[in-house]
Amino acid sequence: MAYVTHFVTRAGSPKPGPGAYPVDRLVKVAEYHVENFGCRASRADGEAIASRLRDSGVREAGQPGLADVVIVNTCSVTEEADRSARAYLRRIRRENPKARVVVTGCYAQRAPEELAALPGVHAVIGNSHKSRVVEAAIAQISSSDKGSGAFVPLNSLRPSSIESGAASVSIWHDPLFAHSELAALPFASDAHQTRPNLKIQDGCGNRCSFCIIPTTRGSSRSVNLKECLRAVEGFAAQGGQELVLSGINLGRWGRDLSPATRLEELVGAILEKTSLPRLRISSVEPMDWSADLIALFRMHGQDRGGGGPRLARHAHLPLQSGSDAILRAMHRRYRPWHYAAKLEEIRSASPGAAIGADVMIGFPGETDSLFAQTYDFIDRLPFTYLHVFPFSARPGTQAFAWHQSTPSSGNAVKERKIALRRLISRKNAEFRASLIGSTLSVVTLAGSSAFTTEALSDNFVKLMVEGAFAPNRLLRVRIAAMTPDGLTGVPVSAS
């Protein structure tokens with residue numbers, strides 16, 4: 001709990017000055033904590049919520065146990081994500097029973113009543129109404145002290161009206177997203193992150209048979225180009241070095257705008273019209289890697305005479321499976337040979353690029369022989385890292401019913417997971433070994449000591465750099481050796 005001396009003028013203004021007098025010696029100032037689960041896009045939502053709370057006069061708590069209001073920004077892409085959110089809610093109730101708890105995100109959109117029934121939850125706000133989270137949080141703060149007036153945000157805020165839900169828990173939810181006001185919450189320019197996420201797109205219309213995201217996020221919606229450029233330039237003007245473009249289905253950015261446009265046009269505009277030192281693109285579906293987008297990597301993914309590439313040499317293409325039969329059952333919109341050809345084009349345009357993928361194991365009907373097709377496919381392509389995860393049956397998807405009739409063996413899933421992790425560990429080590437003796441452009445991160453600084457290369461490799469450097473600096477580093485999961489290097493020059 002934070003306390004401040006509170007003044008009001010006789011006209012009612014909260015600013016001290018001539019004629020101001022203290023109402024109370026100390027006033028409790030509300031403090032918040034935002035806990036994020038899930039993807040980069042979800043993290044960007046959480047950063048925006050936190051920024052707007054600060055703008056409203058609510059202070060960030062030093063730790064969750066001290067917060068007056070806790071916003072839990074959930075994921076629901078797997079059953080494990082749901083369990084993690086519920087476990088966190090139980091933990092908050094134990095550690096901070098007086099906190100007002102607001103739950104939002106994909107789980108809140110998928111099963112609002114389920115969350116509202118959990119002890120200690122005061123409001124549930126689906127993604128359809130995510131722009132109202134701050135309003136709901138402040139309403140919870142205002143109601144928590146029974147109107148005594150001693151518990152207020154720093155700014156004067158009128159109480160908000162919140163719709164009533166079952167069991168006195170407020171629920172804001174629309175399964176059709178008819179009231180979704182924004183494609184993305186405003187960029188959190190004060191997030192103080194070295195590599196923040198600029199979320200420019202939300203929703204997905206692909207309807208893969210295993211995926212709940214169209215239900216939890218709605219159809220694809222884009223932030224217009226002018227707003228995107230304004231956010232990028234604002235970040236660069238504050239001294240930001242690397243910005244990550246993110247979205248739920250990033251490659252679909254702009255298709256819903258009028259006139260319709262495409263991701264490569266936005267990326268080109270950022271590189272041509274802003275002063276951003278480095279742009280990184282997060283996950284893009286294979287079919288959305290157009291020839292024009294790949295050409296931008298050839299043009300801007302090269303060293304700029306010591307400044308490093310402006311477009312990070314890093315491509316992430318969700319794969320899910322290397323088996324044509326499984327991809328068809330998943331309703332994925334590409335075939336293995338299409339994917340392989342796209343990867344070769346990217347590697348040709350950007351030879352030193354990190355290339356990653358999401359891979360699902362244990363999809364209903366995946367036999368040992370079909371998994372072997374995935375293993376062999378990954379083995380022969382230039383992947384440098386993978387996100388490997390087991391299939392999770394999500395209620396409301398087509399694959400949920402298939403899982404009931406033809407589930408994969410739990411032991412088989414574990415064995416396949418181990419096999420893929422060993423494979424990618426070998427491939428990643430080979431990639432890192434190939435970089436020894438070269439010079440990479442890196443951005444420094446928060447972790448540092450008197451002797452070393454944590455950093456990330458433009459081609460997505462963790463480094464420990466010799467010397468102590470502040471976060472958010474671009475360095476050129478000569479690679480000296482490998483560590484178990486990264487590299488070490490000596491700085492050559494710094495921006």
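In strand β16, Ile361 has Pro390 as its bridge partner. This is a predicted model, in which local features need pLDDT of at least 70 and side-chain atom pairs count only at pLDDT 80 or more, while totals for chains, interfaces and linings use all residues. Residues are numbered from 1 along each chain as its sequence is written, and side-chain values use heavy atoms, with hydrogens and water left out. The protein has 14 helices and 21 strands; helices (H or I, at least four residues) and strands (E, at least two) are DSSP runs numbered from the N terminus.

**The sheet around β16**

- Strand β15 (residues 354–361) pairs with β16 in the parallel sense over six bridges; two strands pair if DSSP finds at least two bridges between them.
- The order β14-β15-β16 makes up an open sheet of three strands with parallel pairing.
- β14 (314–316) and β16 (385–390) are the edge strands, each with a single partner, so one side of each has no neighbour in the sheet.
- On average, neighbouring strands of this sheet are turned by 15° against each other, direction ignored.
- Strands of a sheet pair through backbone hydrogen bonds, either parallel or antiparallel.
- Helix α14 (residues 410–433) lies across β15 and β16 and runs at about 170° to β16. Axes are lines fitted to C-alpha atoms, for helices over the stretch in contact, and angles run from 0 to 180 degrees between N-to-C directions.

**Totals and cores**

- Of the 495 residues of the protein, 54% count as buried. Buried means under 20% relative accessible area, exposed over 50%, and partly exposed in between (1.4 Å probe, protein chains only).
- The protein exposes about 21,500 Å², of which carbon and sulfur atoms supply 52%. Accessible areas come from the Shrake-Rupley method with a 1.4 Å probe, and for residues only the protein chains shown count as cover.
- Among contacts with a separation of 6 or more, 70% join residues 24 or more positions apart; contact means heavy atoms within 4.5 Å.
- The largest nonpolar core has 67 residues, of which Leu245, Val267 and Phe383 touch the most other members. A nonpolar core is a set of buried Ala, Val, Leu, Ile, Met, Phe, Trp, Tyr and Cys residues joined through side-chain atoms within 4.5 Å.
- Leaving aside neighbours within four places in sequence, Phe383 is in contact with Leu319, Tyr339, Leu343, Ile355, Gly356, Ala357, Ile378, Ile424 and Lys427.

**Asn127**

- Asn127 sits in the loop between β7 (123–126) and α5 (133–144), and counts as buried because its relative accessibility is 7%.
- The Asn127 side chain reaches the backbone oxygen of Thr216 at 2.7 Å.
- The side chain of Asn127 also makes a polar contact with the side chain of Lys130 (3.3 Å). A polar contact is a pair of N or O atoms within 3.5 Å; within protein, one must be able to donate a hydrogen and the other to accept it, and residues adjacent in sequence count only if both atoms are side-chain atoms.
- Beyond four places in sequence, Asn127 is in contact with Gly105, Cys106, Gln109, Phe177, Thr216 and Arg217.

- Val69 is in strand β5 (residues 69–74) and is buried, with 0% relative accessibility.
- Not counting residues up to four places away in sequence, Val69 touches Glu31, Tyr32, His33, Arg100, Val102, Ala137 and Ile141.
- The C-alpha atoms of Val69 and Gln140 are separated by 7.5 Å, although these residues are 71 residues apart along the chain.
- Arg59 belongs to strand β4 (residues 59–60) and counts as partly exposed at 36% relative accessibility.
- Arg59 and His33 are 26 residues apart along the chain, and their C-alpha atoms are separated by 8.8 Å.

**Backbone geometry**

- Most residues other than glycine have a negative phi, and most peptide bonds are trans.
- The peptide bond from Ser258 to Pro259 is cis, with omega near 0°; Pro259 is in the loop between β12 (242–247) and α8 (263–273).
- Phe460 has a positive phi, near 65°. Phe460 lies in the loop between β18 (452–457) and β19 (462–466) and is partly exposed at 28% relative accessibility.
- Asn472 has a positive phi near 70°. Asn472 is in the loop between β19 and β20 (474–482) and is partly exposed, with a relative accessible area of 23%.
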